[in-house]
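Good morning, and thank you for coming.

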Amino acid sequence: MATLSSSRQKALLRKYARNVKFLMMVVSICLIVYSLPKQAKFSYEIEKGKIWNQKDLISPYNFAILKTQAEIQNDRKNALASTTQLYQLNTEVAQQQIEGFKTDLEIKWHNAGIDDRKKAKYILTGSNLLAAVYDKGVLNLNSKYPRNQSYPITVLQKNVATEKNTAELFTKESAVIYCNEILSTRNDVDKTFLLDLLQNRIQLNVIYDDKLTTRLESEVLEGLSLTRGMVQKGDVIVSKGSVVNDDVFQKLESYKKAFEDNTRTNGNPRLVLAGQFLLVSITVALLMIFLYLFRKDIYADNRLVSLILLVITAMLFTLSMAINMQLPYLYAIPYCIVPIIIRILFDTRLALNIHLLVVLIAGFFVPNSFEFAYFEITAGMVSIYSIKNLVRREQFLISAVIITFTYFVAFLGIALIREGTLVDIDWRGFIPFIVSVLLTLLAYPLIYLFEKIFAITSDITLIELTNTNAPLLREMAFTAPGTFQHSLQVANLAENAIYAIGGNALLVRAGALYHDIGKMENPLFFIENQNSGFNPHDKLPYEESAQIIIRHVYKGIEMAEKANIPDIVIDFIRTHHGNTRVDYFYQSYLKNFPEKIINENTFRYPGPIPFSKEAGVLMLADSVEAASRSLKEPDEKSISALVDRIVKYKLDQNQLKDSNITLKDLETIKAIFKRMLMSIYHVRIDY
């Protein structure tokens, strides 16, 4: 009954996990579909300069041909150039400045040393000059025109408009020059005295009305037509085999716009929604099938599945929002952030598979789907390849540079196909790609965030852990230096072996460096730390000595958990001895107490046995390195025999049955161990 109950409980747990996984898939699909633009997709890819290989495209309805952006900008420029500037005439300025001139003359007259009988003549001459200047008008020239260029303006006086040209009016500078020229012809007045008074009283009386001019320009621009001509129903938009030149390209773009407007108005949004749901469901289902067939470990872990779905949904949601908000630069979105995150948290195959699925979905809703797919698939593949083995932080920057170069080459290639010349390439169009690459660097903090939330260990964390200045390793180097050196040698052996047979070299190195940290509790009870000739085991019973040796596994797990070492690394501490016996003390007990009944579990490690290729390699490297220290005269023969014996012993004890290591792998591992140990002990090889 107990067995039945346990089996039933496991079945219920599996069913619950499947239901949770299905619910996550449905939620992810619904969020993606909800955010996508709800309009029908235009059926044709439009590429300028290409041959139209489709059938003749006949217009199903009348539509206007849209002007290009260049044409619109040119129309705007011409419209603004033809719009006259509006000025307001202030009639009060002339009288105020003439009265001010008379006052200034009265104040300065007494010190001028001029005959009082000429005072009236000076007042009349100055007043007439100012009246002539203000009658003509004084204005400031508009800065958007060259200083020496005249242009037409409209002068408003009490809402009555008069068309003038700036050449007909004065500026302050030209008004002063005019006064100087007139006074130069007069010998009966002091030109210097009078000109000094006049130039202080020349002010603007024709004033630019920026607000009214801007409103007039806006009205003119709003009235501009955005179209040029019509395509009638039944007309051929483009014939099969013809080249998509500028004119045809613009017709196709106009037809696409008309199609989208028409479907937005007349299309059935429910059917569009159903189509989007089917497309997204297929891609998510393909992802789940891939995980089930090739990454069962991830498929079985709903936590990891939820992370993958979250990353995919977030990226597609961001893209959808950008499309719905009609952002002009969709290529500025960091699409490569998805494959980088998945590659670092999981593996290359999964990263590539997910990136392809994301681009496939996005391609249905972005303009120029083929170009988009080409840009993003190539850049995504490069981003994955560039961080295949992440061992240094600067690889992120190197990857960013390589991605930028890939974008540039693709941009240049597509631009050459489209334009056929380097001269007409709009290099500003490459700026969004640079922005995208810069935003891709956000992958670094996001990876840290995902690690903490979903309890995942990335290569970045492993790099930090393998730094020998990490707290636990630094403490071990000081407390148990012999164990520290042993761990370094094991790390080198295991790393080279796993690299040769295929596996995570960074992970096995981290596991090797931490696998014996439990020995720091009682370092002198382990032979590699005994340098005085004193062995504390000599005074202890064999059972107690065995328990002290075995205890370093428990203590290592405890210390690692306290230091927040990831579980994936702690597993190496648990499994590096499997469930083997502490044979030295076990055999010594049998030899000295043959008559006693022995409990073998007293001398046996708790296990479990290694359950990954990396853990199995570490077990072999640990045993081989430790045993090699007992060789009195290490040579090629003794080292080879030692490695063969230890590997055979582990196989006989069934320690490697769950580690997925093949016999071919074992031969490779043994060859590497032998070569490295002979190098360590400086054994000369006969040749």
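**Salt bridges and their surroundings**

Let me begin with glutamate 71, which is partly exposed because its relative accessible area is 27%; the classes are buried for under 20%, exposed for over 50%, and partly exposed in between, with a 1.4 Å probe and protein chains only. Before I go further, please note that this is a predicted model, in which local features need pLDDT of at least 70 and side-chain atom pairs count only at pLDDT 80 or more, while totals for chains, interfaces and linings use all residues. Residues are numbered from 1 along each chain as its sequence is written, and side-chain values use heavy atoms, with hydrogens and water left out.

Which residue pairs with glutamate 71 in a salt bridge? The partner is arginine 228, and the closest N and O atoms are 2.9 Å apart. This pair links distant parts of the chain, since arginine 228 belongs to strand 7 (residues 227-231) and glutamate 71 to helix 2 (residues 69-82), 157 residues apart. Arginine 228 is also partly exposed, at 28% relative accessibility. By salt bridge I mean a side-chain nitrogen of Lys or Arg within 4 Å of a carboxyl oxygen of Asp or Glu. Helices (H or I, at least four residues) and strands (E, at least two) are DSSP runs, numbered from the N terminus. In general, side chains of opposite charge can pair when their charged atoms come close.

The salt bridge count comes to 27. Another of these joins lysine 648 and aspartate 652, at 2.9 Å from N to O. Because these two residues are four apart in helix 26, about one helical turn separates them. Aspartate 652 is partly exposed, at 48% relative accessibility.

In helix 27, lysine 670 and glutamate 667 are three residues apart, about one turn of the helix. Salt bridges that share partners join Asp644, Glu667, Lys670 and Lys674 into one network. Within it, the side chains of lysine 670 and glutamate 667 meet at 3.3 Å, N to O. Is lysine 670 buried or exposed? Lysine 670 is buried, because its relative accessible area is 13%, whereas glutamate 667 is partly exposed at 49%.

**Backbone features**

I turn now to the backbone. Most residues other than glycine have a negative phi, and most peptide bonds are trans.

Two asparagines lie in the loop between helix 26 and helix 27: asparagine 654 and asparagine 660. Asparagine 654 has a positive phi of about 60 degrees although it is not a glycine, and asparagine 660 likewise has a positive phi of about 60 degrees. Asparagine 654 is partly exposed at 45% relative accessibility, while asparagine 660 is exposed at 59%.

Where is the cis peptide bond that involves proline 608? It runs from glycine 607 to proline 608, with omega near 5 degrees. Proline 608 sits in the loop between helix 24 (583-592) and helix 25 (613-628).

Helix 11 (residues 302-324) has 23 residues and spans 32 Å from its first C-alpha to its last, close to the 33 Å expected at 1.5 Å a residue; the expected span is 1.5 Å times one less than the number of residues. Just after helix 11, glutamine 326 takes a positive phi of about 55 degrees.

**Buried residues and their contacts**

Serine 28, in helix 1 (residues 2-35), is buried at 4% relative accessibility. Leaving aside neighbours within four places in sequence, serine 28 is in contact (heavy atoms within 4.5 Å) with Leu309 and Thr313.

Aspartate 347 lies in the loop between helix 12 (337-345) and helix 13 (348-363). Aspartate 347 is buried, with a relative accessible area of 16%, and touches Arg295 and Ile342, again not counting residues up to four places away in sequence.

How many disulfides are there? The count comes to zero, a disulfide being a pair of cysteine sulfur atoms within 2.5 Å. Cysteine 179 is buried at 0% relative accessibility, and cysteine 336 is buried at 1%.

Lastly, asparagine 496 is found in helix 20 (residues 481-501) and is partly exposed at 39% relative accessibility. Asparagine 496 touches Ile672 and Met676, not counting residues up to four places away in sequence.
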